[in-house]
Amino acid sequence: MVDATDSSDAIRTRDLNLWYGTFQALHDVTLDIQTGVVTSMIGPSGCGKSTLLRCFNRINERLDYVRTTGSVEILGHDILAPEVEILQVRKRVGMVFQRPNPLPFSIRDNVLFAHSLHAPDASKQAQDELLEGALRKVLLWDAVKDRLDSLATRLSLEEQQKLCIARLLPVKPSVLLMDEPCSALDPDGTRAVEELIWELAEEYSILIVTHNMAQARRASDRCVFMLMGKVIEHGPTSEMFVTPRDERTAAYIEGRYG
Amino acid sequence: MAAPSPARPGARDLAWAGDKLAQGVIFLGGISGILLVIGIFVFVSREGLGFVSNGLDLREFLTSPAWRPTSNHPTFGALALMAGTASVTGLAMLVSVPLSLGAAIFIGEFAKGRTRELLKVLIEMLAAIPSVVWGFIGLTMMNELIIDVFNVPVGLNVLNAGIILGLMAAPIMTTIAEDALKAVPDGYRQAAEAMGATRWQVIWRVVIPAAKNGLVAAVLLGVGRGFGETMAVLMASGHSINIPTSPFDSVRALTATIAAELGETAVGSEHYQALFFLGIFLFVVTFAINLTADLVVRGIKNG
């Protein structure tokens, strides 16, 4: 299978380099992530997979010693261009973090937080519909519909992580970035969130970083293998795990390092 | 035991004694706070409660503005003194709350690296300025400034004392408020930023609500500080008994009254007891404020 290079790619990077101070974390990353599939990013710790993920909504820029060169396009728009509004980028590209991080507010306020930033004047009725829609989508509605005003931080970790996915949906993103979304969850929670990721794949382009190769294998259509800040291999997950093209990929998948 | 020891196992040797001694000293240190607070309360109460039992009028104390302890027919109405303290503290809070919360937000959320460290050190230095120095500034600089700017005859008044006290309370409030902001997990900020919140929205809609309890506690401790401050208020307020109707009225604070008069009263006299009763009143109010602040801070952990 040849990587699609038409404009239907969700994310396209060209010669992306990134430095933390003087340390170069990404080297000439050129990568096309397809629309409408789940792509996993694997590689040993420190290979730059999380750093790359965090370029796609520019959340890396929280650290003021980060410097980036090259280009990142999301659905054909260059998000590193100077005239780009970072808010619009983040509306389009939602992010789920390693540790569930609901805000210390009610479930309702959490789900509607992003939406209230982008549409502060939405009617109560519109908000209620978005709230229910988002919570149904992440299979949380039945569990929490009677306690929407209770604190989100009191939910179980699995529920919190689902909530963290739900709160991205009301602003209708196109791409969802997930940085090891299951690493804080137990096996049941992991299974539930993975199933949810498959559900969401019908509507969103999903990019998921994982250190868990089994998870990459069962929960993604395509897989990117990174090493030392470089993309080594990118292809359909089923092929990469059976017939890796690169020696280093093969060695990592076999567990010879990492 | 491999090496032969002169002492039987478990014998009470020197190390054992040292251990016990250290334990005792640390225990004493630990409970000294409690003992001191109780001791002070008992002492102040013993001296001041005579004021009540001697048939002195509690109603007069609470409702009359006439504090005439040295008159032929002495009256001990503390209303004007309470109004003095309340007005000065209230104005001080108007000055210090925006100032200190603003400073805390700047230091905690915006300033970076050396600016931040420098600001923190400077604010701690500000907290270390003795109150008599603040009073001196009020008595000289602020006095003249108020006379010039507002064209009033006297510059020692509620406004002067309020501003001085506000500036005095601000550093400690800033430090506590900044701690509260720092205690907000960075994950909250990151989550909000990733959803497209601007820096201001992150602070206003996430950080401040999350740090709310600590911020309230900071303000309450500032109120307690203002309430109990004596020297600066004595020097800057004009020290005249008055229920203020404008910020340019001179007032007298409860604390300043005790400080100014206690040295001139006969021990055990009616006046002496009345001053101690003022002390009890102050003690109870500041205790209540601090307790509230403490409970509010604990609210963070439980909530």
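What volume does the largest pocket have? The largest pocket has a volume of about 690 Å³. The model described here is predicted. In this model, 25 residues of chain A are in contact with 21 residues of chain B.

**The interface between chain B and chain A**

- About 1900 Å² of area is buried between chain B and chain A, and carbon and sulfur atoms give 59% of this area.
- Three residues, Q190(B), M195(B) and R205(B), supply 36% of the area that chain B buries against chain A, which is more than any other three residues supply.
- Between chain B and chain A, eight residue pairs are in polar contact, counting pairs with both residues at pLDDT 80 or more.
- On the side of chain B that touches chain A, α7 (186-194) and α8 (199-210) of chain B each supply at least two residues.
- The element α7(B) gives the most to this side of chain B, with nine residues.
- The side of chain B that touches chain A is made up of nine nonpolar, seven polar and five charged residues.

**Salt bridges**

- Over all chains, the count comes to 27 salt bridges.
- Between chain B and chain A, the count is three salt bridges.
- One salt bridge is formed by the side chains of R62(A) and D186(B), at 3.0 Å from N to O.
- R62(A) also forms a salt bridge with E193(B), where the closest N and O atoms are 3.2 Å apart.
- This pair joins two chains, because E193(B) lies in helix α7 of chain B and R62(A) in the loop between α1 and β4 of chain A.

**The largest pocket**

- The volume of the largest pocket is about 690 Å³.
- The pocket is lined by 26 residues, of which R62(A), E109(B), K112(B), E193(B) and R199(B) are the closest to its centre.
- R62(A) and E193(B), both among these central residues, are also partners in a salt bridge.
- Elements of both chains contribute to the lining: α2 of chain A and, from chain B, α3 (79-110), α4 (113-127), α6 (158-182), α7 and α8 each supply at least two residues.
- The lining of the largest pocket comprises 13 charged, nine nonpolar and four polar residues.

**The largest cavity**

- The structure holds two cavities of 30 Å³ or more.
- The largest cavity holds about 50 Å³ of space.
- Residues of chain A line this cavity, namely L16(A), R54(A), C55(A), R58(A), N60(A), E61(A), V66(A), T68(A), V72(A) and L80(A).
- The lining of the largest cavity has five nonpolar, three charged and two polar residues.

**The second largest cavity**

- The volume of the second largest cavity is about 40 Å³.
- Both chains take part in its lining, which consists of R90(A), K91(A), V93(A), G94(A), A114(A), L168(A), V171(A), P173(A), A194(B) and M195(B).
- M195(B), part of this lining, is also one of the three residues that supply 36% of the area chain B buries against chain A.
- From chain A, α2 (86-92) and β6 (93-96) are the elements that give two or more residues to the lining of the second largest cavity.
- Seven nonpolar, two charged and one polar residue form the lining of the second largest cavity.

Conventions. Residues are numbered from 1 along each chain as its sequence is written. Chains are lettered from A and ligands numbered from 1 in the order in which they are written. This is a predicted model: local features need pLDDT of at least 70, side-chain atom pairs count only at pLDDT 80 or more; totals for chains, interfaces and linings use all residues. Side-chain values use heavy atoms; hydrogens and water are left out. Contact means heavy atoms within 4.5 Å. Buried area is the accessible area (1.4 Å probe) that two parts lose on being put together, summed over both. A salt bridge is a side-chain nitrogen of Lys or Arg within 4 Å of a carboxyl oxygen of Asp or Glu. A polar contact is a pair of N or O atoms within 3.5 Å; within protein, one must be able to donate a hydrogen and the other to accept it, and residues adjacent in sequence count only if both atoms are side-chain atoms. Helices (H or I, at least four residues) and strands (E, at least two) are DSSP runs, numbered from the N terminus. Ala, Val, Leu, Ile, Met, Phe, Trp, Tyr, Cys and Pro count as nonpolar, Asp, Glu, Lys and Arg as charged, and the others, Gly among them, as polar. On a 1 Å grid over the protein atoms alone, a cavity is a set of points where a 1.4 Å probe fits but cannot get out, and a pocket is an open set with protein on both sides within 12 Å along at least five of seven lines; lining residues have an atom within 4 Å of a point. Grid points are joined across faces, edges and corners, and a volume is the space filled by probe spheres set on the points.
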